[in-house]
Amino acid sequence: MNWRDEMQYSAIPHLTVREEEVFRLVARGRSAKEVAQELSIAPCTVERHIENVRLKTRTRNRAHMIAVVMRDNWLAALPAV
């Protein structure tokens with residue numbers, strides 16, 4: 001078994017659980033710094049997760065990413081914070 005087999009995936013297609021967690025907080029208006037503090041990770045790690053989500057959702061920027069996720073109703077699948 002390799003590390004990919006052990007990786008947990010989220011309700012949003014192709015996102016890891018951590019990417020979903022970061023995305024959920026960003027989608028609710030938190031800054032990268034606030035997300036980093038809440039999750040006890042570095043702000044640059046938050047930015048990397050956000051970029052991964054943007055690439056996986058094939059969106060141009062954060063605003064487009066949020067719009068696509070809202071359009072496709074992916075937030076409804078996410079647990080409340």
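A nonpolar core is a set of buried Ala, Val, Leu, Ile, Met, Phe, Trp, Tyr and Cys residues joined through side-chain atoms within 4.5 Å. In this predicted model, the largest such core has 16 residues, and those touching the most other members are V22, F23, V35, L39, V46 and I50. Helices α2, α3, α4 and α5 each contribute at least two residues to this core.

Helix α2 spans residues 17-27, and its buried residues are E19, E20, V22, F23, R24, L25 and V26. Those buried residues pack against three helices: α3 (32-39), α4 (43-56) and α5 (62-71). After α2 comes G29, with a positive phi near 95°. With residues up to four places away in sequence left out, I50 touches V22, V26, R62 and M65.

What is the geometry between α3 and α4? Their axes come within 8 Å and cross at roughly 110°. An angle of 65 to 115 degrees counts as roughly perpendicular, so α3 is roughly perpendicular to α4. The crossing of α3 past α4 is right-handed. The table lists the residues that make this contact.

| Helix | Contact residues |
|---|---|
| α3 | A32, V35, A36 |
| α4 | P43, V46, E47 |

By class, the residues of the contact of α3 with α4 comprise five nonpolar, no polar and one charged. V35 of α3 and V46 of α4 take part in this contact, and both are listed among the residues of the largest nonpolar core that touch the most other members.

Conventions. Residues are numbered from 1 along each chain as its sequence is written. This is a predicted model: local features need pLDDT of at least 70, side-chain atom pairs count only at pLDDT 80 or more; totals for chains, interfaces and linings use all residues. Side-chain values use heavy atoms; hydrogens and water are left out. Buried means under 20% relative accessible area, exposed over 50%, partly exposed in between (1.4 Å probe, protein chains only). Helices (H or I, at least four residues) and strands (E, at least two) are DSSP runs, numbered from the N terminus. Contact means heavy atoms within 4.5 Å. Axes are lines fitted to C-alpha atoms, for helices over the stretch in contact, and angles run from 0 to 180 degrees between N-to-C directions. Angles under 35 degrees count as roughly parallel, over 145 as roughly antiparallel, 65 to 115 as roughly perpendicular and the rest as oblique. A crossing is left-handed if the near helix is turned anticlockwise from the far one by less than a right angle, and right-handed if clockwise. Ala, Val, Leu, Ile, Met, Phe, Trp, Tyr, Cys and Pro count as nonpolar, Asp, Glu, Lys and Arg as charged, and the others, Gly among them, as polar.
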